[in-house]
Amino acid sequence: MRRRTGLLAAAVLVAASGCGLTSGSPMVDDVKPGTIGRGEPLKGADLTVVSKEFTEQLILGAIMGIAFEAAGADVLDRTGIQGSVGTRAAVENGDADATYEYTGTAWITYLGNSEPIPDPHQQWVAVRDADARKGLTWLPPAPMNNTYALAMNQANYRKYRTRTLSQVAELSEKDPSAVTLCVEGEFANRADGLPGLEKAYGMSIPQRNITQMDTGIIYTQTAKGACTYGEVFTTDGRIKSMNLVVMADDKKFFPNYNAAPMVRTDTLRKWPAIASVLDPVTKALTNDVAQTLNAKVDVDGEDPHQVALDWLKEKGFVKEG
C-alpha cells in the first residue's frame, strides 16, 4: 500500500516518470458553488485529478474533483492509479495537477527519510519545504491521519479496559497471555511496525502470541475476539462498522499520515484559487469522517464518487446544479 519503501518503489517511480497517463474521463457532476467556489474562480481551468486505487483515495480524489467543478473548472478524472508512486509521478511530471497525498508517505517513501517527525504539523512543514524544490506545493493538511493503530472488540475492552498503548504494555507485563495480536506480515517486521512499537513502549510480546494474516481478515478476527488486539488503519471504515476500540498512541510512535492536497506549483500559480476552494473541505476531513465515508463503500457497497458527492452536498460545500 502507500507505506512501502525501498529500491522497488524508487525504480517504479523512475519508470512511471517516463510515461504519460492515457486513461481518464471528464467529471460531469451537476454541481454549483455552495460555501466553496463562489464566483467560480476556477472557470476556464482544465484540471486533472489523480488518486491511488484504494477506497479512501478514490473518495478523496472525487472530493477534490467535485470541489473544482463547483468552482467552475473542467475536471479530468484519473483517479484509481495503482500504487503510490504513479500518482506522485503524474503530478510531478505535469500529467496531472493535484491529488490528496499523505505526509508520511511523502517523507518516507518519496523523499527517502528513514525517521518520521513525531509532530504532525512539523511533518507537514518538512514535506512542504522539501517538495517545494520539486515543483510541488503542499496545501494545509486535514486532521485525518491514516496511520497504524491497535484495536480491540467491545468484549475485550470491557474485560481489560485499555485505551492507550502504554496500558497495553502494562497489561502485557502483568498478564503476558492476555496480549495476543493479529497483524500483517509487513507490520510484524517493519521498524515503524511491531518491533519499533515494542521498543518504544518497553514491551516484549512472545512470538506465540502473534498471528500474521491478511489485512481484511485482521478486522474480522479482531471483531470476533480471536486475538485481543488487531493492527488497523485509523481511518478504516471497518473500525466504526465493527465497533472496535482504538488504542491511543500516547507516546506518538507511529508516523503521521495526514492527508493534504499536493498541487503542481505551476498549476497553483495559474489558478491560485485552488487553495481557497480546497481549504475548508480539507479542514472538515477528520478520522471520524473518513471512517464513515470509507464504510459507505467498503461495508455498504456504495460508489466512492457518489459518497464524495453526497458528503460535499450534506456539508453545504456544493449544491445541486
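These are my notebook entries on what I looked up in this structure.

**Ground rules**

I am working with a predicted model, where local features need pLDDT of at least 70, side-chain atom pairs count only at pLDDT 80 or more, and totals for chains, interfaces and linings use all residues. Residues are numbered from 1 along each chain as its sequence is written, and side-chain values use heavy atoms, with hydrogens and water left out.

**Entry 1: the cavity**

I searched the whole structure for cavities of 30 Å³ or more and found one. For my own reference, a cavity is a set of points, on a 1 Å grid over the protein atoms alone, where a 1.4 Å probe fits but cannot get out; lining residues have an atom within 4 Å of a point. Grid points are joined across faces, edges and corners, and the volume is the space filled by probe spheres set on the points. The largest cavity comes to about 50 Å³.

Which residues line the largest cavity? I noted Glu56, Ile59, Leu60, Met144, Leu285, Ala290, Leu293 and Asn294. Helix 2 (55–70) and helix 14 (287–298) are the elements that give two or more residues to this lining. Helices here are DSSP runs of H or I with at least four residues, strands are runs of E with at least two, and both are numbered from the N terminus. I sorted the lining by class and got six nonpolar residues, one polar and one charged. In that sorting, Ala, Val, Leu, Ile, Met, Phe, Trp, Tyr, Cys and Pro count as nonpolar, Asp, Glu, Lys and Arg as charged, and the others, Gly among them, as polar.

**Entry 2: the nonpolar cores**

Next I looked at the cores, each being a set of buried Ala, Val, Leu, Ile, Met, Phe, Trp, Tyr and Cys residues joined through side-chain atoms within 4.5 Å. Buried means under 20% relative accessible area, exposed over 50%, and partly exposed in between (1.4 Å probe, protein chains only). In soluble globular proteins, nonpolar side chains tend to be buried together.

The largest core has 67 residues, and Leu42, Ile63, Phe68, Ile274, Leu285 and Trp311 touch the most other members. Helix 2 gives this core its largest share, nine residues. I then followed tryptophan 311 and, leaving aside neighbours within four places in sequence, found it in contact (heavy atoms within 4.5 Å) with Ile63, Val281, Ala284, Leu285, Val289, Leu293 and Phe317. Two of these names were already in my notes: Leu285 and Leu293 line the cavity. There is also a second, separate core of 32 residues, and Tyr201, Met203, Tyr229 and Phe253 are among them.

**Entry 3: salt bridges**

How many salt bridges does the structure hold? I have 11 in my notes, each one a side-chain nitrogen of Lys or Arg within 4 Å of a carboxyl oxygen of Asp or Glu.

Lysine 43 pairs with glutamate 40, with the closest N and O atoms 3.7 Å apart. Lysine 43 counts as exposed because its relative accessibility is 57%, while glutamate 40, at 31%, is partly exposed.

Arginine 238 pairs with aspartate 236 at 2.8 Å between the closest N and O atoms. Arginine 238 is partly exposed at 22%, and aspartate 236 is buried at 11%.

Arginine 88 bridges to aspartate 131, where the closest N and O atoms are 2.7 Å apart. This pair links distant parts of the chain, from helix 3 (residues 84–93) to helix 5 (residues 120–132), 43 residues apart. Are arginine 88 and aspartate 131 buried or exposed? Both are buried. Through shared partners, Arg88, Glu92 and Asp131 are joined into one network.

Eight of its 10 residues are buried, so helix 3 is largely enclosed by the rest of the structure. Its buried residues are Ser84, Val85, Gly86, Thr87, Arg88, Ala89, Ala90 and Val91. Glycine 94 follows helix 3 and has a positive phi, near 90°.

In helix 7 (residues 165–174), I listed Leu165, Ser166, Val168, Ala169, Leu171 and Ser172 as buried. They pack against strand 7 (148–152), helix 6 (154–160), helix 9 (194–201) and strand 10 (229–233).

**Entry 4: threonine 215**

Last, I found threonine 215 in helix 10 (residues 215–224). Threonine 215 is partly exposed, at 23% relative accessibility. Not counting residues up to four places away in sequence, threonine 215 touches Glu184, Phe233 and Arg238.

Definitions and conventions. On a 1 Å grid over the protein atoms alone, a cavity is a set of points where a 1.4 Å probe fits but cannot get out, and a pocket is an open set with protein on both sides within 12 Å along at least five of seven lines; lining residues have an atom within 4 Å of a point.
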